[in-house]
Amino acid sequence: MNGDSSAVGRVGELVHATRGPDGPGEVRLRIRGGTEIYLAWSEEPLPLGTCVLVVESRGARTVGVVPWSDLPGAR
């Protein structure tokens with residue numbers, strides 16, 4: 001998946017909490033062979049450190065996210 005430049009479908013961790021509709025947080029994603037930070041919007045406020053799934057692109061370096069739980073033993 002290193003050659004895939006799309007953030008949608010990736011799992012990351014919030015490095016700044018989201019505030020739901022009141023404002024974005026930031027998510028760190030592994031993408032293009034490194035890690036990058038994107039602005040992250042969510043429907044509900046999510047705390048720092050939440051594992052999230054990117055469900056949509058909202059433009060350059062801005063994504064929509066939802067909370068995500070890995071399956072046991074997936075990491």
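Thr-50 is buried, because its relative accessible area is 16%, and buried here means under 20%, with exposed over 50% and partly exposed in between, using a 1.4 Å probe and protein chains only. This is a predicted model, in which local features need pLDDT of at least 70, side-chain atom pairs count only at pLDDT 80 or more, and totals for chains, interfaces and linings use all residues. Residues are numbered from 1 along each chain as its sequence is written, and side-chain values use heavy atoms, with hydrogens and water left out.

Back to Thr-50. Thr-50 sits in the loop between β5 (45-46) and β6 (51-57). Strands are DSSP runs of E of at least two residues, helices are runs of H or I of at least four, and both are numbered from the N terminus. Setting aside neighbours within four places in sequence, Thr-50 is in contact with Gly-12, Glu-13 and Leu-14, where contact means heavy atoms within 4.5 Å.

Now the whole chain. How many helices and strands does the protein chain have? There are 0 helices and 7 strands, so the pattern along the sequence reads β-β-β-β-β-β-β. The chain has 75 residues, of which 33% count as buried. Among contacts between residues at least 6 apart in sequence, 41% join residues at least 24 apart. The accessible surface comes to about 4,700 Å², and 54% of that surface belongs to carbon and sulfur atoms. Those areas come from the Shrake-Rupley method with a 1.4 Å probe; for residues, only the protein chains shown count as cover.

Next, the strand pairing. Two strands pair if DSSP finds at least two bridges between them. Strand β3, residues 25-31, and strand β4, residues 34-41, pair in the antiparallel sense over 7 bridges. Within that pairing, Arg-30 stands opposite Thr-35 in β4. The hairpin of β3 and β4 has 2 residues between the strands, and Arg-32 takes a positive phi near 50° there. In which sense do β4 and β7 pair? Strand β7 covers residues 62-67, and β4 pairs with β7 in the parallel sense over 3 bridges. In β7, Gly-64 is the residue opposite Trp-41.

The C-alpha atoms of Thr-18 and Trp-41 are separated by 6.4 Å, with the two residues 23 apart along the chain. Thr-18 lies in strand β2, residues 18-19. Is Thr-18 buried or exposed? Thr-18 counts as buried because its relative accessibility is 3%. Beyond its neighbours within four places in sequence, Thr-18 has contacts that include Gly-23, Ala-40, Ser-42 and Leu-46. With Ser-42, Thr-18 makes a side-chain to side-chain polar contact of 2.7 Å. A polar contact is a pair of N or O atoms within 3.5 Å; within protein, one must be able to donate a hydrogen and the other to accept it, and residues adjacent in sequence count only if both atoms are side-chain atoms. The Thr-18 side chain also reaches the backbone nitrogen of Leu-46, at 2.9 Å.

Last, the loop between β6 and β7, where Ala-60 is found. Ala-60 counts as exposed because its relative accessibility is 74%. Its C-alpha atom is separated by 8.7 Å from that of Tyr-38, 22 residues away along the chain. Arg-61 lies over the face of Tyr-38, at 4.7 Å from the ring centre. A charge sits over a ring if NZ of Lys or CZ of Arg is within 6 Å of the ring centre and within 35 degrees of the ring normal.
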